[in-house]
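I opened my notebook to look up how the pieces of this chain pack together. My entries follow.

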Amino acid sequence: MANYKYMVSASDVAKELGCSNSYAYKVVRELNGELSKLGYITIAGHVPRTFWETKMYGYRQSEK
């Protein structure tokens, strides 16, 4: 758990999608816009990993 990265950076997104950094920043900006509308605080160039995985792959955290 010590190596777990809570936030995904735009460069991580670019690597995962195989796209340019500028496009990755655009994707992160759009995701941060969604989070802002929901009332969350955002950090430019980063998005929470769980939100990224939910939006891109449809993963959901298991409900216990």
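I count angles under 35 degrees as roughly parallel, over 145 as roughly antiparallel, 65 to 115 as roughly perpendicular and the rest as oblique. The model is predicted, so I use local features only at pLDDT of at least 70 and side-chain atom pairs only at pLDDT 80 or more, while totals for chains, interfaces and linings use all residues. Residues are numbered from 1 along each chain as its sequence is written, and side-chain values use heavy atoms, without hydrogens and water.

Entry one: two helices. I looked up α2 (residues 21-37) and α3 (residues 49-57), whose axes come within 11 Å and cross at roughly 105 degrees. The two are therefore roughly perpendicular to each other. On the α2 side, Val-27, Leu-31, Glu-34 and Leu-35 make the contact (heavy atoms within 4.5 Å). On the α3 side I found Phe-51, Trp-52 and Lys-55. Five of the contact residues are nonpolar, none polar and two charged.

Entry two: rings. I found one aromatic pair (ring centres within 6.5 Å). Trp-52 and Tyr-57 form it, at 6.2 Å centre to centre. Their planes lie 90 degrees apart, which is edge-to-face (over 60; under 30 is stacked, the rest tilted).

Gly-18 follows α1, with a positive phi near 70 degrees.

Note on methods. Axes fitted to C-alpha atoms, helices over the stretch in contact; angles between N-to-C directions. Helix = DSSP H or I, 4+ residues; strand = E, 2+ residues; numbered from the N terminus. Nonpolar A, V, L, I, M, F, W, Y, C, P; charged D, E, K, R; others polar. Phe/Tyr/Trp six-rings, centres within 6.5 Å; stacked < 30°, edge-to-face > 60°.
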